[in-house]
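Please read them alongside the sequence and coordinates.

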Amino acid sequence: MNVGFAGTPAFAATVLAGLLDAGFAVPLVLTQPDRPRGRGLRHEPSAVKRLAIERGVDVQQPSTRGTDAVREMLIAANLDVLAVAAYGLLLPPPILAVPREGCINVHA
């Protein structure tokens, strides 16, 4: 089963780790673009991006939620399900309609 993932903070990284540790194929991760953080306001990656890179998963950081490019990424990933946990944006219906079996929204 191909499970796409969309999330950003540490809580979402925990969910992504659970999916990966359970053996699910995760061909694509969406996360928010790097943001300025800390005293020096350096652009730093989200917890989800750091985990995905560490585990060798393709990470995309679209700057908008509903572009055709995002939809095309999801189609190309051949997703069965999209798991969403604290992504930070509401995903529009055309994006939610891409995975064959639908989407799962995980709450803390």
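1. Strand 1 (residues 3–7) and strand 6 run parallel and are joined by five bridges; two strands are taken to pair if DSSP finds at least two bridges between them. Within this pairing, Gly4 stands opposite Leu82 of strand 6. Helices (H or I, at least four residues) and strands (E, at least two) are DSSP runs numbered from the N terminus.

2. The model is predicted: local features need pLDDT of at least 70, side-chain atom pairs count only at pLDDT 80 or more, and totals for chains, interfaces and linings use all residues. Residues are numbered from 1 along each chain as its sequence is written, and side-chain values use heavy atoms, with hydrogens and water left out.

3. Strand 6 also pairs with strand 7, again in the parallel sense, over three bridges. Here Val84 stands opposite Asn105 in strand 7.

4. Is strand 6 buried or exposed? Five of its five residues are buried, so strand 6 is largely enclosed by the rest of the structure. Buried means under 20% relative accessible area, exposed over 50%, and partly exposed in between (1.4 Å probe, protein chains only). In a regular strand the side chains alternate between the two faces of the sheet. Both faces of strand 6 are covered, with Val81, Ala83 and Ala85 buried on one side and Leu82 and Val84 on the other.

5. Asp80 is found in the loop between helix 3 and strand 6 and counts as buried, at 16% relative accessibility. A polar atom of its side chain lies 2.7 Å from the backbone nitrogen of Asn2. The side chains of Asp80 and Arg100 meet in a salt bridge (2.9 Å, N to O), the criterion being a side-chain nitrogen of Lys or Arg within 4 Å of a carboxyl oxygen of Asp or Glu. This pair links distant parts of the chain, 20 residues apart, with Arg100 in the loop between helix 4 (93–96) and strand 7.

6. How many salt bridges are there by this rule? The count comes to three. One of them joins Asp21 to Arg55, with the closest N and O atoms 3.0 Å apart. Asp21 lies in helix 1 (residues 10–21) and Arg55 in helix 2 (residues 47–55), so the pair ties together parts that are 34 residues apart in sequence. Asp21 is exposed, with a relative accessible area of 56%, whereas Arg55 is partly exposed at 35%.

7. Asp34 forms a salt bridge with Lys49, the closest N and O atoms being 3.1 Å apart. The two are 15 residues apart: Asp34 is in the loop between strand 2 (29–30) and strand 3 (35–37), and Lys49 is in helix 2. Asp34 is partly exposed at 22% relative accessibility, while Lys49 is buried at 15%.

8. The largest pocket has a volume of about 150 Å³. A pocket is an open set of points on a 1 Å grid over the protein atoms alone where a 1.4 Å probe fits, with protein on both sides within 12 Å along at least five of seven lines; lining residues have an atom within 4 Å of a point. Its lining includes Val84, Tyr87, Leu91, Cys103 and Asn105. The largest share, three residues, comes from strand 7 (residues 103–105). By class, the lining has nine nonpolar, two polar and no charged residues.

Definitions and conventions
Grid points are joined across faces, edges and corners, and a volume is the space filled by probe spheres set on the points. Ala, Val, Leu, Ile, Met, Phe, Trp, Tyr, Cys and Pro count as nonpolar, Asp, Glu, Lys and Arg as charged, and the others, Gly among them, as polar. A polar contact is a pair of N or O atoms within 3.5 Å; within protein, one must be able to donate a hydrogen and the other to accept it, and residues adjacent in sequence count only if both atoms are side-chain atoms.
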